[in-house]
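These are my notebook entries on what I looked up, written for a reader who is new to structures. Please keep the sequence and the model in view while reading.

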Number of protein chains: 2
Amino acid sequence: MSAKENQRRILGLLWDDPATRPSGTRGPGRGLTREQIVTAAIEVAEAEGLPAVSMRRVAAELGVGTASLYTYLRGKAELEALMLDAVALGDTLPHEWPGDWRAKLEAWAMDDWAAIRRHPWTLRLHGADRLPGPNQLRWLDSMLRVFEDTGLTEPEKLAAVEALDAYSRGLGLLLAEVEAPADAEPYDVAGRNEGLRELVDFSRYPALLAAIRAGASPYAGDPFPFGLHRLLDGIEALIARRTAERGDRAE
Amino acid sequence: MSAKENQRRILGLLWDDPATRPSGTRGPGRGLTREQIVTAAIEVAEAEGLPAVSMRRVAAELGVGTASLYTYLRGKAELEALMLDAVALGDTLPHEWPGDWRAKLEAWAMDDWAAIRRHPWTLRLHGADRLPGPNQLRWLDSMLRVFEDTGLTEPEKLAAVEALDAYSRGLGLLLAEVEAPADAEPYDVAGRNEGLRELVDFSRYPALLAAIRAGASPYAGDPFPFGLHRLLDGIEALIARRTAERGDRAE
DNA sequence: CTCAAACTCCGAACGCCGTTCGGTGATAGT
DNA sequence: ACTATCACCGAACGGCGTTCGGAGTTTGAG
């Protein structure tokens, strides 16, 4: 199958394209829905981590044979695309938070960050080869609405959205014990750092040593708000510049 | 094996702890080095993508039996940790670039971004459960040195480093066809967007529609410099504030 | 010089994985 | 009543990481 056909197929799946469904009505009714399968897969991922999500495991969870899943899905890649779209949305869309653009973005980002820390398995499913589903487009649309009255150009708005998204996901990856189940004991950062201290001659890393002596600990705290505020400050400065330019022209 | 012992073991491996090596001298000499294995694994990843890196494949590449690798490495996780540390460094460390802190960071970030686009497989190997190797600490030390005269507190410096790193890696993941080999044809973003246009009723996404009508295309361009500049602007504003505070106190 | 300890190497196997094939049996339109 | 159509799924294929135990090689001790 060509890459193009593949794209089209997954798109059809995500968007529930009738063309991808069988036409006739004969034969026994289906015992499952795609939604049930996706829900079961997500439950396994939440409870035991992404590596535990196998076709066999999901089928067993639903009480059906493994091969049956392939009458609902073309393969695991499609299951993953559906899982990703299913969790793409928080309870509140970005533009629905109160306040100005900055308050909305900050509120949404903190909410999103909490979700990322709770469901780190989502981070391993992203990539440009995945196709956006309805929920992902809903989110993107909402983000763009937040920037509506800022005076940014459309490409700038998009880039800002992508920057915020990239920052959250990147930090999640940096900090998350991504493969672990949700109920595993938290990763022992202190122990890791202690082990490092025993083995490593830190005098080779003077700036790092100074930071540690000052009480800072790499990858130990939650640096999310810091970076978020820097990013928002930067965006705010650009918006102020655009607004000033407009003012000039208006005069 | 406890998580603690496991940590300690990987640390020893990364840092070449003699305690992890056999003590006696009997038996035949070793035919390989860990470095050779890591190099071979990286070559496979570069040429055919991360999924092609299997223990069997790496062993075959080196002309040895698969099981032999396990006399050099405890398992694949350790191979991955070594691969990651081996590519952790660009040609130029952040603090070695010319100019002030901002010029250094921008130069390094653009260089790092180019490396990420060239070697996207590295993005799938990160996580807090991975332990930093010597090269990763060298990089961290260098980044902290860049912030030396900025007046930021040590935790702020660390958070800034982590924010920049998170942004680059996060955007890399958003844009990269991560699993693909380096020589694969580039992902057809235009075709993807075209396929979407056929299937999706964009009137449900007015802000997105407006952006597309204005010529913006989601995830199609290279938004890296935009977000980088916003982040650096935000950090610069903070540094200016800290400098002003100092000035106040000095008077 | 002898020989056993210590070590490297690795074929074969175990239990996973995603996926495919072909048969079975239920359903529904003719 | 019959048959086309479909859902279901046991069994198998070729991959994976890893382990086990035996064969072969080197070295140091006696």
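Before the first entry I wrote down that helices (H or I, at least four residues) and strands (E, at least two) are DSSP runs, numbered from the N terminus. I also noted that this is a predicted model, in which local features need pLDDT of at least 70 and side-chain atom pairs count only at pLDDT 80 or more, while totals for chains, interfaces and linings use all residues. Residues are numbered from 1 along each chain as its sequence is written, chains are lettered from A and ligands numbered from 1 in the order in which they are written, and side-chain values use heavy atoms, with hydrogens and water left out.

Entry 1, the annotated span. I looked up residues 54–73 of chain A, which an unreviewed UniProt entry annotates as "DNA-binding region"; UniProt positions are given in the numbering used here, feature names are shortened, and annotations may be inferred rather than shown by experiment. The span is 40% helix and 0% strand, and its end C-alpha atoms lie 13 Å apart.

Within helix 3 of chain A I found M55(A). M55(A) counts as buried because its relative accessible area is 8%, where buried means under 20%, exposed over 50% and partly exposed in between (1.4 Å probe, protein chains only). Leaving aside neighbours within four places in sequence, M55(A) is in contact (heavy atoms within 4.5 Å) with residues including T66(A), L69(A), Y70(A) and L79(A). I then checked M55(A) against I37(A), which is 18 residues away along the chain, and the C-alpha atoms are separated by 10.0 Å.

After helix 2 comes G49(A), with a positive phi near 90°.

I noted 10 helices and 0 strands, and 50% of the 251 residues count as buried. Of the contacts in chain A between residues at least 6 apart in sequence, 74% join residues at least 24 apart.

Entry 4, between the chains. What does R230(A) touch? R230(A) lies in helix 10 (residues 224–250) of chain A, and, not counting residues up to four places away in sequence, R230(A) touches R230(B), L231(B), G234(B), I235(B), L238(B) and R241(B). R230(A) counts as buried because its relative accessibility is 7%.

From chain B I looked up H126(B), in the loop between helix 5 (101–118) and helix 6. H126(B) is buried because its relative accessible area is 15%.

Helix 6 (residues 134–146) and helix 7 (residues 154–175) of chain B pack at an angle of about 115°, with axes 10 Å apart; axes are lines fitted to C-alpha atoms, for helices over the stretch in contact, and angles run from 0 to 180 degrees between N-to-C directions. The residues making this contact include W139(B) and M143(B) of helix 6 and V161(B) and L164(B) of helix 7.
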